[in-house]
Amino acid sequence: MKEKLKTFIFSELIYHEDPASFGDDADLLEAGLDSLGIMRLIMFTEKAFGVTLPDTEIEPDNVHSLNALEQWIKASGQQQ
Amino acid sequence: MLLQPFLQQCRRRPEAVALVENDRYLSYGDLLARAQSVATGLQGLGVQPGRPVAVHLDRGIDAVIALFGVLLAGACYVPLDLKNPKPRLASIIDDARVHAIVGLGAAPAWLAANLWLDIAACAEDSLKPVETSADTLAAILYTSGSTGQARGVALSHGAIASFARWAADLLALQNNDRIAASAPFFFDLSTFDLYAVLGAGASLHFIPASLNLAPARLSAWLQHHAINGWYTVPSLLAFLAYKGNLAQTPLESLRFLIFAGEVFPAPALINLATCLPRTALYNFFGPTETNVCCYWPVERERLSADDNIPIGLPAANYELHTHDETGELWARGPGLASGYWNQGRLQPFLNEAGWYPTGDRVTLANGEYRFHGRLGRMLKCSGYRVEPAEIEAVVNAMTGVIDCAVVGIDDPAAGQRPALALVLESQTPLAEIRSALIRQLPSYMQPVRCIVLEQLPRLPNGKLDYRQVRALLETQP
C-alpha cells in the first residue's frame, strides 16, 4: 500500500529527485503536499483501496507521512 | 487617506473589537494606539512619507498593527512572504529599497539591524502629523515577475480606497459583522479585510493556519465564531466543501463568500453552492494591477458542470473593453495600481489614455464577460501567480545548465503546477539543480515534474516550442 501511495504522490503531487530515499516517516506537508494535493490523494486512495475516508478525519495528523496515511487508511477500512 | 473610514470607527466606537486571533483580541482604540506608536517609531528612524517599509510578520494582529503603523507614518508597506527562501526575500528587500523593516522581537541575523523596528519596543506615541493624498503609495505587493525576478505592484491610497468602498457597499458591511480572514497581506485579497471590513467597524477573525488542512474543523470554526462573510481562494473553498462536510454544518450566519485568485472549477463550485443554499457567492476577478475589475454574483441556476463560470460585469467603477484583435481585457478606472516598483522607483505601466492591458483573454456576450486564459505565460499555482520566466531565469543562472523551459501542466483539482524541461552538461546531476531550486524559490514555484532532454524542441523560426515541451512533460510517467 505504501509503495502505491508513494508512487502516486511523487508522480502526481510533489516532485522529489529521489523518491526512494524519502522515508516512511518523512514529512509530506513540508515536502509540499497542500490542500489540493490532499484532495487528490483522498480521491486516489478511495478508488485504489476501496475505502471511504470520512471528512472529519482529514487532518494534518493523518496525512503528514506515508506511515500516518497507511495507518489512517487501514483503520478506515476496518470500520467499514 | 486610506485609513479615514477606520479612524472614524476608532472615534465612534473605540471599545468595539477590531481583530481576533485565537484567544487574543484587540479593540479599535487599542489597535489605533499600537499603530500610532509604530508610526512614531518609524518617524524616529527617519522614515519619510511615501517611502517603502518592509513588514516581516505573518498574517495576524501584530502584522495589522505594523501595516497601519506604516500607513500612519505616511509610508508605504511591503509585506514579506516569510515562507520564501531568504535569497528571494533579500532580493525583494533590495529591489524595494526599504527604509525600515518592521517585525517582532530581535532582527533575524541576515537582515540589516539598523533598519529593524521591533513593534514590541514601540511604546511612545508622539506622532507628527503627515499628509497623504490619493496618489501617495500605500502598498507594494510583490508577485512573480516575467523578467526573472519578483516584481512589485505599487498601489496608491486612492486605488485601494476605491475598491474598499465599492466592496463595503456591495456586501452591505455592518459594524456588527464578523468577517473571517485567511489572505496573507502580500495578496491583494487582504485589502478587503483591512480596509472594507475595518472601515465598516466590523470585526476581523483570523482563521488559524492549522485549520487549512482540516476541513471539518474549519467549518466548525466558522460555525462557532458565527462568521458572516469571508473572502478567500477557490482551492480552500473547494477543500472545505469536498465530501459535503459543509452540508452537515448549518452556518446560518454566513451571509456571503467571495472568491478570487484562480478559476473555480464549476463542479467544485456547484458542490459548494449546494452545501450553502442561503449564502450569497461572488466571483471577483482581476490581476493585482487592477485589484478587482470584474465580478459575478453567482446565479446558482446558471451553474453547469461543463461550463466555465462568468466573470461578469465591471466592478468598482472600472471601464472595460476587449481588444479587437487579441481578445485581451483592457481596464481603466480608479482602482488601478500606479505602476511597477523597480529598484526603488515607480514605473507607470499605463498607456496615454489610461488603459491597462490585463493580459487576460476574455469574451463579452449578453453584457457578461467570460475568462478564457492568459495571453502570456503566467500560471496560477495554489492561488499564487507564477511567471515561468522567473523560474527559468533562476535555473539558467545555475552552473551546469545549458538550456531550460518551464510550462504549466493542469492540476486536476484547480489551477496549474510548473513543470521543467532541462538541457544539462553531462556531469550535472539533476538532484543538484533540484536542491538549488529549493534554496531559491518558494514551494508553490517548485516544478512538480522535471525532464532532462538532449535539446529543447524548437519551432521552424527558432523559438522555443512550448506546446511540444508541455506535451513531453504531460506524457512523462
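**Charged pairs, one by one**

Author: Let's start with Arg370(B), which is partly exposed at 23% relative accessibility; here buried is under 20%, exposed over 50% and partly exposed in between, with a 1.4 Å probe on protein chains only. This is a predicted model, with pLDDT of at least 70 needed for local features and 80 or more for side-chain atom pairs, totals for chains, interfaces and linings using all residues, and side-chain values resting on heavy atoms without hydrogens or water. Residues count from 1 along each chain as written, chains are lettered from A and ligands numbered from 1 in written order.

The partner of Arg370(B) is Asp307(B), and their side chains meet in a salt bridge of 4.0 Å, N to O (a Lys or Arg side-chain nitrogen within 4 Å of an Asp or Glu carboxyl oxygen). Asp307(B) is also partly exposed, at 39% relative accessibility. Because Asp307(B) lies in the loop between S14 and S15 of chain B while Arg370(B) belongs to strand S21 of chain B, the pair ties together parts that are 63 residues apart in sequence. Strands (E, at least two residues) and helices (H or I, at least four) are DSSP runs numbered from the N terminus.

Some salt bridges share partners: Lys2(A), Asp24(A), Glu70(A) and Lys74(A) are joined into one network this way. Glu70(A) is buried, with a relative accessible area of 15%.

Back in chain B, Glu368(B) forms a salt bridge with Arg302(B), where the closest N and O atoms are 2.7 Å apart. Here too the pair links distant parts of the chain: Glu368(B) is in strand S21 (residues 368-374) of chain B, and Arg302(B), 66 residues away, is in the loop between strand S14 (294-297) and strand S15 (313-314) of chain B. The two partners can be read side by side: Glu368(B) counts as buried at 14% relative accessibility, whereas Arg302(B) is partly exposed, with a relative accessible area of 37%. So strand S21 of chain B holds Glu368(B) as well as Arg370(B), and the loop between S14 and S15 of chain B holds Arg302(B) as well as Asp307(B).

What about pairs that cross from one chain to the other? The count between chain B and chain A is 3 salt bridges. One of them is formed by Glu12(A) with Arg449(B), whose closest N and O atoms are 3.7 Å apart. On the side of chain B that touches chain A, at least two residues each come from helix H7 (215-224), helix H8 (234-241), helix H11 (430-440) and strand S26 (449-452) of chain B. In all, the contact (heavy atoms within 4.5 Å) takes 28 residues from chain B and 25 residues from chain A.

For the overall tally, a search of the whole structure finds 21 salt bridges over all chains.
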